[in-house]
Amino acid sequence: MNSILMDVTMENTISFRLTEEQDMIRQMTAEFADKEIKPFAGEWDIKDHVPMDVLAKLHELGLTNIGVPAEYGGQGLDNLTRYTICDELAQRDAGIATTVVASSLLASDPIMVGANDEQKKWWFGRMLEGAMCGFCLTEPGAGSDALGLSTKCTKDGNDWIISGTKQFITNGGFAKQFTVFATIDRAMGNKGICCFMVDKDFPGVKIGKKEDKLGIRTSSTTEVIFEDVRVPGWMCLAGEGKGTPMLMETLDYSRTAVAAMATGIATGALNASISYANERKQFGKPISAFQAIQFMLADMATQTECSRLLYQKAAWCQDNNLPFKMLSNMAKMYAADTAMKSSLDAVQIFGGYGYVKEYPVEKFMRDAKIMQIFEGTVQVQRMVIGKYLTTEGKYSYTFS
Ligand SMILES: Cc1cc2nc3c(=O)[nH]c(=O)nc-3n(C[C@H](O)[C@H](O)[C@H](O)COP(=O)(O)OP(=O)(O)OC[C@H]3O[C@@H](n4cnc5c(N)ncnc54)[C@H](O)[C@@H]3O)c2cc1C
């Protein structure tokens, strides 16, 4: 067992404590983010600035490579530790957390799930040298219906030629390598989908429009355009037409990472609200003395705790080779909805000061919204959970 989050002990009790090593990494992340990210995040957000120098420092700490396995030179972190890092980063700035997740987990999960040794050496080796990564799935005409994509891949001798436009790609502005989903022929449906590793420097890879976003403004989101890009055959992951199951498994992993980020936003909004409510006086008392405020804080705290338990349970299942599809979708949906509601309540607790950029909570609210949209909207998660339950024919929490 890698993680002992819920390790059943000799006494048959359940422990929810992080291991000493997991907690040390959590603290190291929190300390770094408190010093290097939190004090500046508001200013970067206003300037729509991606702090590349901070990403370089995160790289030195190994935090941009949290998905790299030990056998390929990484730290070989278990999933619980990876998501705990995402949670801690998002408490301070969800844009930087998104940058890390998109590179180290989302774009790299197809490599974990479906790559051979040669492919893993290429991808992870470059990451360890500092290459950031992007995940190219969404297209102007294919969002929730991701498998309705129209980027084409055509075999040419031993190579493939890829053509099409990808939309809303996180890290598009600076990624050095991409995982790219394309179809041999749309008429083949799910069986025609292939996934490739693509070097940003291959001729024909172009970075298109940069998005001016509502939130997570410290992350880069752009179009990525593939104009007859020639990709060597060995860079096709898992084989011709094998992209669909890889994509599904990738999303089940990465949704847990989004759940962790959303939990981080809810935590940040809650802690800011508690401090403010204890300081702000109206009617001769701190506003925290009013039941209306206490009830909001109580709901925010309870829902944040539930969000964290859900993503931790999904992580525990991943680390123990147990099914986790339903849990990761539940975690993403619940934590995203919680982040949105808690950050809205945080603005309410701050009153007029919640509405202005001098205080941190309007940024939490703007950052929270994307958690309900990317890596499948919360409607898509409800569809996945509903389908899972009705296909299984029962709900069970025991894995039996
Ligand atoms: C900041 C940002 C970063 C992103 N990063 C990446 C990235 O790195 N890589 C990548 O590939 N993509 C990325 N995306 C894309 C993201 O995953 C998609 O935006 C998302 O999946 C939704 O797709 P869509 O925007 O096309 O919305 P649509 O699919 O058009 O959905 C619009 C609305 O219709 C609803 N809807 C659609 N179908 C159904 C249905 N069957 N039943 C009920 N409701 C439905 C949706 O829930 C939503 O409310 C990013 C997006 C943003 C904004």
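Which strands and helices each supply at least two residues of the shell around the ligand?

Analyst: First, two bits of housekeeping. This is a predicted model, where local features need pLDDT of at least 70 and side-chain atom pairs count only at pLDDT 80 or more, while totals for chains, interfaces and linings use all residues. Residue numbers start from 1 along each chain, following the sequence as written.

Now to your question. At least two shell residues each come from strand 1 (133-136), strand 3 (159-170) and helix 12 (378-392). Those names are DSSP runs numbered from the N terminus: H or I for helices, with at least four residues, and E for strands, with at least two. Strand 3 gives the largest share of the shell, three residues. There are 21 residues around the ligand, and Leu137, Thr138, Gly143, Ser144 and Thr377 come nearest. Being near here takes a C-beta atom, placed from the backbone, within 6 Å of the molecule.

What kinds of residue are they? The shell splits into 11 nonpolar, eight polar and two charged residues. In that sorting, Ala, Val, Leu, Ile, Met, Phe, Trp, Tyr, Cys and Pro are nonpolar, Asp, Glu, Lys and Arg are charged, and the others, Gly among them, are polar.

The domain assignment lists domain 1 (20-128), domain 2 (133-242) and domain 3 (244-392), with bounds taken from an automatic or database assignment. The ligand shell draws at least three residues from each of domain 2 and domain 3. The C-alpha centres of domain 2 and domain 3 are 30 Å apart, and their contact takes 12 residues from domain 2 and 11 residues from domain 3. On the domain 2 side of that contact you'll find eight nonpolar residues, three polar and one charged. Contact means C-beta atoms, placed from the backbone, within 7 Å of each other.

Let's go back to strand 3, which also holds Lys166. Lys166 counts as buried because it has 26 C-beta neighbours inside 10 Å. The scale goes like this: 20 or more other C-beta atoms within 10 Å is buried, 12 or fewer is exposed, and in between is partly exposed, with C-beta atoms placed from the backbone. Setting aside neighbours within four places in sequence, Lys166 is in contact with Cys136, Thr138, Glu139, Thr151, Glu223 and Val224. Thr222 is 56 residues from Lys166 along the chain, yet their C-alpha atoms are separated by 8.6 Å.

Follow the chain on from strand 3 and you reach Asn171, in the loop between strand 3 and strand 4 (177-183). Asn171 has a phi near 75°, a positive value in a residue other than glycine, and it is buried, with 27 C-beta neighbours inside 10 Å.

On the helix 12 side there's another loop, between helix 11 (361-371) and helix 12, and Glu375 lies in it. Glu375 also has a positive phi, about 55°, although it is not a glycine. With 25 C-beta neighbours inside 10 Å, Glu375 is buried as well.

Beyond its neighbours within four places in sequence, Ala336 is in contact with Val258, Ala262, Met371, Gln372 and Val378. Ala336 has 30 C-beta neighbours inside 10 Å, so it counts as buried.

One of those partners, Ala262, leads us to the largest nonpolar core. This core has 110 residues, and Cys86, Val180, Phe196, Met261, Ala262 and Ile265 touch the most other members. Helix 8 (residues 243-279) gives it the most, 17 residues. A nonpolar core is a set of buried Ala, Val, Leu, Ile, Met, Phe, Trp, Tyr and Cys residues joined through C-beta atoms within 7 Å. Again leaving out neighbours within four places, Ile265 is in contact with Ala90, Ala94, Ala339, Ser343, Phe364, Asp367, Ala368 and Met371. So where might you look next? Met371 is a handy place, as it turns up among the contacts of Ile265 and among those of Ala336.

Terms used. Two residues are in contact if their C-beta atoms, placed from the backbone, lie within 7 Å.
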